[in-house]
Amino acid sequence: MFELVLGPSPRDLRTLLCLGAHCDDIEIGCGGTVLQLAEHYPELRVHWVVLSSSPERAAEARRSAERFLQRVRNPEVVIKEFRNSFFPFVGAQIKEFFEDLKRQVTPDLVLTHTRHDLHQDHRLTCELTRNTFRDNLILEYEIPKYDGDLGAPNTFVPLSPEHYNGKIETLLECFPSQRDKHWFTRETFLALMRLRGMESNAASGYAEGFYSHKAVLAPARAAD
Ligand SMILES: [Zn+2]
């Protein structure tokens, strides 16, 4: 398997943009990867954007983002209130928000939903990400759900026990409003990461999977 090792230079990844339609999506989809990147790149700037919320869920999301980004200096956490489950019908407002975001941040890496996600809010978030950030590396994360839309990701981030356990513990602690959902359990999160760990031969046995539709492999830049 070809393994792309992120370089030791903090120059390689400076700005990360995480996008989630709902309050716990970023954490479920790529929380372990965010923890790992924040540890590997101490100078990393992170923009963490959640597109829909209620006051209760926004408070949970802020607390969770704080935990996931505790190694990041001055993270930018934005929590919007676009109408949950209605994204395709308020698409113009969300598109305008993305246009504003583009003016504020030039990310080296964008983590977002995947295009074939069966939740309409997730799908629109992915489409607008790809419309907006056209010259940036985008990795699309997966969210397990009742509808059953998991596929075969082609990009993997192996996770250390500290990071996959940290992700699950924070999710379970910070989102009490989700505890009555039958799928919001340690087993669900662990099972998916275990499968992705098996597929990527991760040393710890656990990984997060992503879809990359376009990637450019370039020689290292000279330090400037
Ligand atoms: Zn969601």
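Which residue of β2 is the bridge partner of L19? The partner is V49. The model under discussion is predicted.

**Sheet and helices**

- Seven strands form an open sheet in the order β3-β2-β1-β4-β5-β7-β6, and their pairing is mixed.
- The edges are taken by β3 (76–79) and β6 (155–158); each has a single partner strand, so one side of each is left without a neighbour in the sheet.
- On average, neighbouring strands of this sheet are turned by 25° against each other, direction ignored.
- Six bridges join β1 (residues 15–20) to β2 (residues 45–50), and this pairing is parallel.
- Helix α2 (residues 55–68) packs on the sheet, where it touches β2 and β3, and its direction makes about 160° with that of β3.
- Helix α3 (residues 91–104) lies across β1, β2 and β3, and runs at about 170° to β1.

**Zinc site**

- The zinc ion is coordinated by ND1 of H22, by D25 through two OD entries, and by NE2 of H122, at 2.0 to 2.4 Å.
- Along the sequence, the spacing of the donor residues is H-x2-D-x96-H.
- The arrangement of the four donor atoms is irregular because the angles they subtend around the zinc ion run from 57 to 137°.
- For four tetrahedral donors, the ideal angle at a metal is 109.5 degrees.
- H22 is buried, its relative accessible area being 9%.
- D25 is also buried, with a relative accessible area of 3%.

Key
Residues numbered from 1 in each chain as written. Predicted model: local features only at pLDDT ≥ 70, side-chain atom pairs only at ≥ 80, totals over all residues. Heavy atoms only, no water. Pairing = 2+ DSSP bridges. Helix = DSSP H or I, 4+ residues; strand = E, 2+ residues; numbered from the N terminus. Axes fitted to C-alpha atoms, helices over the stretch in contact; angles between N-to-C directions. Contact = heavy atoms within 4.5 Å. Donors = N, O, S within 2.8 Å, 3.2 Å for Na, K, Ca; no water. Tetrahedral: all angles 85-135°; square planar, octahedral: opposite > 155°, others 65-115°. Buried < 20%, exposed > 50% of the residue type's maximum accessible area, 1.4 Å probe, protein only.
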